[in-house]
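Please keep the sequence and the structure at hand while reading.

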Amino acid sequence: EPQPAIVPACPLPSRICDVVRSDRPRSCCGMAMAGFRTAKYQLPEWHRRNAGVHYNACMASEQAERGRAEAKHLIKHAAASAQRAQEYSKATLGQRLQDIQFWRMELQKEIMELDAETNLLAAQKLRLERALDATEVPYAVVVDNLECRDRRQPPDLVIDEVERQLLKEADLIRDIRDLLKRTIIQAATQIRSNRIQKENCELDWSDKVETYHIDDKCVSYCTDSTNVQSHPSSVKFEENASTPKSWAQFSHDNISRAEQEKLASVQLRSLINNIIHDASEDLRMQRAEVNEAFDTHCRGLDEAKLRLEHHLEQILKDIGEEEANIVNLKKAIREKEAHLKVAQTRLYDRSFRPNVELCRDEPQFRLVSEVEELAVFLEALKRKLMESEQNLKNLEETRMKLEKEIAVKANSIFIDRQKCMGYRLRYPVDLEVASYK
């Protein structure tokens, strides 16, 4: 700072009289002149007093001149210092405005990115919900297939490869549905966290905007401003005031937490894509396995039914031949019984021959032999007839069993091919595609 100007000292007037007041000559007028002597001084006193007044005046003038010089210097110094302080404060406020603008732009950028990420995550959550809804039809199809196959008749009511694959598909769909539900809850939690952090950033951004307007208004203030007032109590610091380090750290922490939530959201979106894709592939592969098992089982049923029909055709042919054989046997028995009656009648009539005529001649032996032969043939024919009738009964039972088996196979084919495979045509083509619809 400039040094105050030095006022040159002027020589003081020399003292003319330096008489001690106690050495003043006493009055000779006596007590009679006391009333006239009260206001009068001696000449040395007068000179001394004049010298003192002159000295005091010079001292006062010198002091006033020095005070004026100091006041002038102080005014100039105060004006320059005030101007410098105001410019420095303005520059500081300008720098502060830049800092506020920087953090405000960073917060605004983070808010926009976090909002966009939240919208993307909400879209992924909607895909999860649609995928979950799309699994209802496959699960209903699998349950219906299992219930339909429970209506098969024995002996086709077996735990075959088709049923094992259907149970595996049902377990897979249940696991996928549970996974989708858990992921939906996780996505909803992450969306809520994103919105909470976005709200924190918005509050910080709003404070930054308000502070920017306040500091920008403060920058525009000058001595000529009409809206400036005296606020003596404004120089004290608030108890809850932050420091520049804590102020910057607060915004940095908000942005850092927002970045963490955004990164977690991005990872969750990638996880959702993988979950939907893997679930769709698993369902597609399992559906192919079930369809292949159905095709194989239906081909086996068709072959078994065809073999049974072939056997039934042969059994029907055998039944016809056996019935014809029984008819022939009965006819042969009737014929042999007629021959037996003729022979027995001949023997009976010849038994009435008189006296010596009742001879054991050759015709008698021939007739007896004929009767015995016919009896043997009749017995053999009757046994054969009984065997044929039993064979016919067995063939009839076999026919009924074959027809029942064919009906069971036809029912199984109808259930597997018409009911199950026909209902599986409503199976969604792709779970991943269904999540976009």
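A residue is called buried here when its relative accessible area is under 20%, exposed when that area is over 50%, and partly exposed in between. The model is predicted.

**Helix H2 and its packing**

By that cut-off, the buried residues of H2 are Pro138, Val141, Val142, Asn145, Leu146, Cys148 and Arg149. Viewed down the axis of H2, these buried residues fall within an arc of 165 degrees, so they line one face of the helix. An α-helix has 3.6 residues a turn, so residues three or four places apart point the same way.

What do the buried residues of H2 pack against? Their partners are helix H1 (43–134), helix H3 (161–220), helix H4 (244–350) and helix H5 (362–423). Helix H2 itself covers residues 136–149, which makes 14 residues. From its first C-alpha to its last, H2 reaches 20 Å, close to the 20 Å expected at 1.5 Å a residue.

**Salt bridges**

Side chains of opposite charge can pair when their charged atoms come close. Searching the whole structure finds 28 salt bridges.

| Pair | Closest N and O atoms |
|---|---|
| Glu163 and Arg152 | 3.3 Å |
| Arg174 and Asp171 | 2.3 Å |
| Glu202 and Lys198 | 2.6 Å |

The salt bridge of Glu163 with Arg152 links distant parts of the chain, with Glu163 in helix H3 and Arg152 in the loop between H2 and H3, eleven residues apart. Are the two residues of this pair buried or exposed? Glu163 is buried, because its relative accessible area is 14%. Arg152 is buried as well, at 3%.

The pair Arg174 and Asp171 sits within helix H3, and because its residues are three places apart, about one helical turn separates them. Arg174 has a relative accessibility of 35% and so counts as partly exposed. Asp171, at 38%, also counts as partly exposed.

Glu202 and Lys198 are also in helix H3; they are four residues apart, so about one helical turn lies between them. Glu202 is partly exposed, with a relative accessible area of 31%, whereas Lys198 is buried at 17%.

Which residues are linked with Glu163 and Arg152 in a network of salt bridges? The network also takes in Arg149, Asp160 and Asp416. Arg149 is one of the buried residues of H2.

**Lys262 in helix H4**

Lys262 lies in helix H4. With a relative accessible area of 13%, Lys262 is buried. Apart from its neighbours within four places in sequence, Lys262 is in contact with Glu110, Glu113, Leu114 and Glu117.

**Gln364 in helix H5**

Gln364 belongs to helix H5 and counts as buried at 19% relative accessibility. Not counting residues up to four places away in sequence, Gln364 touches Leu347, Arg350, Arg353 and Cys359. Between Gln364 and Arg350 there are 8.1 Å in space, C-alpha to C-alpha, and the two are 14 residues apart in sequence.

**Enclosed space**

Rolling a probe the size of a water molecule over the atoms shows where empty space is left. How many cavities of 30 Å³ or more does a search of the whole structure find? The search finds two. The largest cavity holds about 60 Å³ of space. Eleven residues line that cavity, and the closest to its centre are Leu283, Tyr427, Pro428, Asp430 and Leu431. Helix H4 supplies the largest share of the lining, four residues.

**Backbone geometry in the loops**

Most residues other than glycine have a negative phi, and most peptide bonds are trans.

The peptide bond from Pro154 to Pro155 is cis, with omega near 5 degrees. Pro155 is placed in the loop between H2 and H3, and Arg152 is in that loop too.

Asn355 is not a glycine, yet its phi is positive, at about 45 degrees. Asn355 lies in the loop between H4 and H5. With a relative accessible area of 72%, Asn355 is exposed.

Terms used:
Residues numbered from 1 in each chain as written. Predicted model: local features only at pLDDT ≥ 70, side-chain atom pairs only at ≥ 80, totals over all residues. Heavy atoms only, no water. Helix = DSSP H or I, 4+ residues; strand = E, 2+ residues; numbered from the N terminus. Expected span 1.5 Å × (residues − 1). Buried < 20%, exposed > 50% of the residue type's maximum accessible area, 1.4 Å probe, protein only. Arc of directions from axis to C-beta. Contact = heavy atoms within 4.5 Å. Salt bridge = Lys/Arg side-chain N within 4 Å of Asp/Glu carboxyl O. 1 Å grid on protein atoms, 1.4 Å probe; cavity = no way out; pocket = protein on both sides within 12 Å on 5 of 7 lines; lining within 4 Å. Points joined across faces, edges and corners; volume = space filled by probe spheres on them.
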